[in-house]
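This report is an introduction for a reader who has not seen the structure before. Please look over the sequence and the model first.

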Amino acid sequence: MTDIAGYGLLSDCQGAALVSLTGSVDWWCPARFDAPSVFARLLDPQAGHWSIAPVGEHTATRRYLDGTMVVQTDFRTNGGQLRVTDALALGTGERGHRIGLGSPHQLLRQVEVLSGTVEVAVELVARPGYGLVTPTATRLDTGDVEQGCADEQGCAVELVGGGDRLVLTGDVPLVVADAAVTARFTRTAGDTVCFALRHQPIDAQPPDAQPIDADRPAGVAGLADTIAGWRSWDELHRGYQGPYLDQVRRSALVLQALTYQPTGAVVAAATTSLPEEVGGVANWDYRFGWLRDGAFTMQALWVAACPDEAYRFFDWIADSTGAPVDGPGLPAGQPVPVMFGVGGERDLTEHTLDHLAGYQDSRPVRVGNDAWRQRQLDVLGEVLNGAWIMRDHLAGVSPGTASFLRSLADRAAACWTEPDAGIWEGRDDGRHYVTSKLGCWVALDRAVRLAGQLDADPDTELSRWRQARDDVHAAILDQGWDADRQAFTGAFGSPNLDAGVLAMPMVGFLPGTDPRILSTIDVIERELSCDGLVQRWTDAGDEGAFLICSYWLAEAHALAGRPDRARRVFDRATSYANDLGLLSEEVHRRDGSLIGNFPQGLSHIGLINAAWTIAQAEQAGSQAAQAASQTTQTGSQAGQTGNGTAVSRSPANLSR
């Protein structure tokens, strides 16, 4: 089984596929990120794949075509060089912010011989319904099903089973036998062979098999159009000019690739059940949109100069959450939803797929995620912090949205003293997590700042929010600080550490240079970090290091005025990206392998935000040095110490 790092992400901004360095598509969920797969060898050897590779020994290298999510793999054999270009097709003619709106749910694979002579083997084993269904194959041309096409012009095969219809077209003979579609052909330098696999639900109008044109092979036009579509989007999002430019741009493309274009939702990852510990049971479905990630996502989109996407994501959150019930407040006892399906669905009830072996025997394989039922108070702050980031967009906020945001602040004021499941979604009894209290403080602080735009009553709502904000702040300083550890800890009354508290300076709870923050950073780095890789909490055991925690540590160092240390942590975390620049959720601390769902949006979000914060810290340091130099030379620049306050942390002020 291919390691997680061996995969590249393909996306049409509605569904996702993973293609391995060996030329096999081992995961494809057409139509929606959370739809049942038609290929799932990622989770079980028998659950479906589509491989294209040279026959015999070979080596391979690959890349994303610049400005796209199109993967190009070069295979070298003793006889020649072969290139396979893979993409999920965008809608015809889609450009800029419209890419993905009309995606045809079609997987395109183009094979070119660059030099010499190469024999190629193709094998397609479709297993819809997460591997439960073996489809029936029907020839759509005049060839014999078992012997292939009647001529060399090409073939079309329809595969139907469960709720899925797949049509494979290719301009070489295709053979159907033993529930697989295969081909084997030899080509020389300059030859091109194309394949297209289109998916539709079984109750949709059957797609027409495209005729094979020897002068213009199947898929060539769609592939060129898809490349042009991605590059048109990339050209609109090149405003960021800070450090780590290539990594930020690639991460921005990954976030767009994880965006469900019909609604603007951004999913946490393209996969389900890739384990947090190989062989363990912490295997979760991440193909949904989390409010917890919302503000981090919106800031990353701003930094990467994607304001339109940030606006759409915020609107999706507001629309999915719905209007408040029972007057100005949310229903008594009903928690604010923490996550949604990409279409805004709330019920994401979890179940297991017991017929699947799991990635490297990591069971169970789960579909759905019962975290949707949890009470996570931090989401109140995530949404209102997102509103603060989008404050210019809120100039014309609707009365319904304003009422919704006021209700979140009211909930924070009323419930901040209660226990919850926390940002790491613990499935035991609730606790008084510091990060949850911090989220309530953020909700109240941002509501106070946005009071005018939210049409808040100054004598009742605004006064109540201010008082509650001050109370939360005092409680965190009193009960969240451990004098013996000299650090903010994970929960009130607990000595155990939690890397989530590194967010304190990021959200403005305390300055990054506050002695308590500086001490907390150092304690977390000493006790939870190993060579820049940060675990989530004390006594995490064999759990991998979470990349978002490493990027938070880099940000915290930058906000503390330590950009050199920030860069060291950033560089170490980013060094674990695979050859395509993709990051998973975690890094195994023993062997450095990528583990967890992949690619992980929050890891790429952390990369973008940390790169920008480092840029701001270095700019502030440069200004300080310049001011000090001028003061020394002229004595006329007193007071301009460059302490960083001149550099706004609002991504809305970033030059684009």
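Which residue follows H3 and has a positive phi? That residue is Ala 305, and its phi is near 60°. The model described here is predicted.

**Helix H3**

Helix H3 covers residues 294-303 and is mostly covered, since 10 of its 10 residues are buried. Among the buried residues of H3 are Phe 296, Met 298, Leu 301 and Trp 302. Gly 294, Thr 297 and Gln 299 are also on the list of buried residues in this helix.

**The protein as a whole**

The protein contains 12 helices and 27 strands. It has 656 residues, and 62% of them count as buried. Among contacts with a separation of 6 or more, 67% are made by residues 24 or more positions apart.

**Salt bridges**

A search of the whole structure gives 35 salt bridges.

| Side chains | N to O distance |
|---|---|
| Asp 470 and Arg 469 | 3.8 Å |
| Arg 565 and Glu 525 | 2.8 Å |
| Asp 542 and Arg 590 | 2.7 Å |

The side chains of Asp 470 and Arg 469 meet in a salt bridge. Asp 470 has a relative accessible area of 43% and is partly exposed. Arg 469 has a relative accessible area of 19%, so it counts as buried, the cut-off being under 20%. Both residues belong to a network of salt bridges that also links Asp 445, Arg 446 and Arg 449.

A salt bridge also joins the side chains of Arg 565 and Glu 525. This pair links distant parts of the chain, 40 residues apart: Arg 565 lies in helix H11 (residues 563-574), and Glu 525 lies in helix H9 (residues 515-528). Arg 565 is partly exposed, with 28% relative accessibility.

The remaining pair in the table is Asp 542 and Arg 590. These two residues are 48 residues apart and again link distant parts of the chain. Asp 542 sits in the loop between strand S24 (533-534) and strand S25 (545-546). Arg 590 sits in the loop between strand S26 (586-587) and strand S27 (594-595).

Technical notes:
Residues are numbered from 1 along each chain as its sequence is written. This is a predicted model: local features need pLDDT of at least 70, side-chain atom pairs count only at pLDDT 80 or more; totals for chains, interfaces and linings use all residues. Side-chain values use heavy atoms; hydrogens and water are left out. A salt bridge is a side-chain nitrogen of Lys or Arg within 4 Å of a carboxyl oxygen of Asp or Glu. Buried means under 20% relative accessible area, exposed over 50%, partly exposed in between (1.4 Å probe, protein chains only). Helices (H or I, at least four residues) and strands (E, at least two) are DSSP runs, numbered from the N terminus. Contact means heavy atoms within 4.5 Å.
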